[in-house]
Amino acid sequence: MSTLRALAKAQALAAGVAQPVATVRHLHLSPRPLVLVPLAMAGEANAPLAALVGTAPDDARLLIVPQPRNRDQRFAFAAELAGIVLPYLDSFRGVSEAVAVDRGRDVRYRYVDAPQLLLPNPGGLAFLRLFGRSTRFRRPDGEYPVHPSVPLLGRWLTFFAERAEHPGSSALLAMTEALTLHWATGQSAVEDLHLPAVLGWLDPPPGLDGVRAAARAEDPAVCPPAGPATDPEFDNKVLVPAIAAYTDAADDETARRSAYAELERALRGQLAPTWELMWRGVGLLAALPPGARVEGRWAGDRDAFTAHAEHVDAGGGPQPRRDGAVAAAVRLHRLERAGTSYAVQRAYDDPLVMAEHRLTGEAFVGDVTLADPRRVDDTGKRPVLRPRIQVVTTEPVAVPVGATLYSTARPGQKAKVVFLTPAADGKTEVVLELSGGMGRGLTAPPGTVPEVGERLSLTTLSDAFLPAGAFPDPAETPWTHGGPPAVATFDQSLGPADPPGAGAGAGVGVASTPVVGPSDGDPAEDWA
């Protein structure tokens, strides 16, 4: 936790209301998101119990599993959910746009918009990830056939779950994380996982402050949990008898319908409060203006959505259960690059986020007191435009002479520190030499060089392109990392030789074929 966020939490507790830690919205918010509030049965691995799904506050559709231990009912629930999710995804596949690539020498196409899924909390996201794994390997034929839409739903849910791990992505959002990214509450990070408590701090009911509203939200009788876990008291007093009544009425259609209606009423009562909280959260986020770089990150989500849709249309296979060594390294590298870029972009978009870097010495703010926009450096083979400016700041300057700084107002321009001179009243004079962002001539266009009196925010953080790393082809890696297995040689006296690299203790006759775990290809195991 940063110093500023800790201070904001203390101020929230003192004031009784959440404090803003952002001035802009750092995520994309679709005008038509798909809100999904799932419930799972306690004590069962990924046993769906119910879900409330829809794209508008008055468009909630309740799906339930009367007996979550029944596999047929589970897959019927998955097929019913697919009947809602898949048409929603297809509604974004009508219009494409051309995007220039290879410096304008070629074009590719992507959809002009993409779907967005909203869940109450990270627990719901984990449920969705496991539910996608449990369904994407199913088959519409064979011993345990399912509806053809079930494996397709699993592949799309896995796509969204993987996309949620990408820093800066808005394809799948947990509402608690989206809200606490922009506001600080007066409670702990663990308590921030509870959506009713978070909204109690952000938007307390009349007559209550955030402390009392959050405490009131902890009472399951007032506000049920936001899922996917249910309240134990509800399980014991309501859910278990309702499921038992439905199961016992197997031979009586009238009693069965009555039991189903009672179960449906009970589950709707658990989900409806969270449904309302989700749309309150959407309203709070929509009231914030989007950051300047949010649209660029959303374009990345649209690229990913387009690529996966084309993969599915081309008959590509489902995502693997686990990545190989090279694929895992590539994925980790991609996420690290995205995380670095996301942190820099948030700081460039938001002065409150940049203030955290000012406290750590990675940035400072100062006023331009001198400027020489016509300065030319002719010490090289040809003269180049190198204006200089002097910035005076009252903040500590932790960068050394020769360091490169960037201005949030002109991110494509570099500012090299030439001199650092302490001045009176604790101020520091910083002389900077500018390069880039001024064209190729010897005269700087208007506005490209800061003028005297302009206030600048300068930082060591760079929003420049980060090149991708180089990784070997899987076939070029050792057999321990997914490459070709070692070829065993046979000695009549000793039997098959040990594979290269096998250390002491590797017995004679070790097979060179990698061992596959039992039932590795059986998708039925994914339910466990």
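What is the strand order in the open sheet of 5 strands? Here are my notes on that and a few other spots; bear in mind that this is a predicted model.

1. **The sheet.** Reading across, the order is β4-β3-β2-β7-β8, and the pairing is mixed. β4 (61-64) and β8 (172-174) sit at the edges with a single partner strand each, so one side of each has no neighbour in the sheet. On average, neighbouring strands here are turned by 20° against each other, direction ignored.

2. **How β2 pairs.** Strands of a sheet can pair parallel or antiparallel, through backbone hydrogen bonds. With β7 (residues 117-119), strand β2 (residues 34-40) runs parallel, and 2 bridges hold the pair. If you want to find them on screen, Val35 has Leu118 of β7 as its bridge partner, and Leu34 has Leu117 of β7. With β3, β2 pairs in the antiparallel sense over 6 bridges; look for Ala40 opposite Pro48 of β3.

3. **β2 is hidden.** Of the 7 residues of β2, 7 are buried, so the rest of the structure largely encloses this strand. As a reminder, side chains in a regular strand alternate between the two faces of the sheet. In β2 both faces are covered: Leu34, Leu36, Pro38 and Ala40 are buried on one side, and Val35, Val37 and Leu39 are buried on the other.

4. Which strands does helix α2 (residues 71-90) touch? It packs on the sheet against β2, β3 (48-54), β4 and β7, and its direction makes about 155° with that of β4. Helix α9 (residues 253-286) also lies across β2, β3, β4 and β7, and runs at about 45° to β3.

5. **Helix α6.** All of it is tucked away: 8 of the 8 residues of α6 (residues 195-202) are buried, so the helix is largely enclosed by the rest of the structure. The buried set is Leu195, Pro196, Ala197, Val198, Leu199, Gly200, Trp201 and Leu202. What do these residues pack against? Their partners are α1 (3-15), α5 (175-180), β9 (183-184), α7 (210-217) and α9. Helix α9 is the one from the previous point, lying across β2, β3, β4 and β7.

6. **The β5/β6 hairpin.** Strands β5 (residues 96-101) and β6 (residues 106-111) run antiparallel and are joined by 6 bridges. One of the pairs to check is Ser96 with its bridge partner Tyr111 in β6. There are 4 residues between the strands, and Asp102 takes a positive phi near 55° in this hairpin.

Notes
Residues are numbered from 1 along each chain as its sequence is written. This is a predicted model: local features need pLDDT of at least 70, side-chain atom pairs count only at pLDDT 80 or more; totals for chains, interfaces and linings use all residues. Side-chain values use heavy atoms; hydrogens and water are left out. Two strands pair if DSSP finds at least two bridges between them. Axes are lines fitted to C-alpha atoms, for helices over the stretch in contact, and angles run from 0 to 180 degrees between N-to-C directions. Contact means heavy atoms within 4.5 Å. Buried means under 20% relative accessible area, exposed over 50%, partly exposed in between (1.4 Å probe, protein chains only).
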